[in-house]
Amino acid sequence: MVSSICGILSSAVSFTVGALISFFSTRYSYDHIMFIAFGISCVFMLLAGSLQYFQKSLLPTETGCNQKEKLGKIPLLITFKHEAFSKLLIGNLTRGFANGTTTILAAAALSIGYDEMLTSAMVSVSSLATLAACTLFAFIAKHIHPRYVILFGSLCFLTMPMLLMQDRPVLYLILYAILLFGRTLIDYAVPAALLYAVPVEIAGTYNAWRMILHNGGTMLATMLAGFIPLPVMLTVSLLCQIVSGINFCTAKVMKKQGWKTKYQ
């Protein structure tokens, strides 16, 4: 619920920024606009990082000295052997690959003939999609196991190959919104589900290595994007996300029911 609320607030800000960029792009040079936008974004990101660095945990299990000593003694091999890591390894990697492809869709739009007006509008559309997904997740998180949300979000990637269409900007943005809607649901459902599947003793190490796999897949996708034809890239990414969704939904470790009892 907290993550969903944060997502709603951040997407509202992102939508406003996207709308401003779209507005100014009709009056000023796109390069000049983005130069200023990138500078402001850099400052805000550094500020956000600084604020989060000085935050303090309110959980006794994370702040106690005994707990810190206990966490420090756990071998890395224990994390790798845990079923949440081994059984979801493929899902984390393929999810990262599909996610990486979504980050280059603006460049893909330019390559098939769309202009900066559409790519600027994509920022606002992605914010609206994020807002809708966070709002939905806030309402269903207590009633539907996150693994089903992950599978549903993965099915939204079926729109990905349709993004190859040309000269239909409105339809392109609608399909892009559906795709980003699904990706956002996955982004919020995965940590929500793993909260009950991963023991707190290895949570820090586990999530670090999980994100290494995820970001490794993302990096691989962005590297291959310059060498693989766009239709092939989108199709492979779709298959990767479907594989990831099935993996997360069917893995035994994801079927624990602690999420429901804790809410109750």
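Modeller: Let's start with glycine 245: leaving out residues up to four places away in sequence, it touches Ile150, Leu151 and Ser154, where a contact means heavy atoms within 4.5 Å. This is a predicted model, with local features needing pLDDT of at least 70, side-chain atom pairs pLDDT 80 or more, and totals for chains, interfaces and linings using all residues. Residues count from 1 along each chain as its sequence is written, and side-chain values use heavy atoms, without hydrogens and water.

Biologist: Why is glycine 245 called buried?

Modeller: Buried means under 20% relative accessible area, exposed over 50%, partly exposed in between (1.4 Å probe, protein chains only). Glycine 245 has 0% relative accessibility, so it counts as buried. Its place is in helix α13; helices are DSSP runs of H or I, at least four residues, numbered from the N terminus.

Biologist: What makes α7 mostly covered?

Modeller: Eleven of its 14 residues are buried, among them Phe97 and Arg95. The cover includes α8, α11, α12 and α13.

Biologist: What is the average pLDDT of the protein chain?

Modeller: pLDDT is the predictor's confidence in each residue, from 0 to 100, and the chain averages 85. Over residues 62-66, though, pLDDT stays under 50.

Notes: Helices (H or I, at least four residues) and strands (E, at least two) are DSSP runs, numbered from the N terminus.
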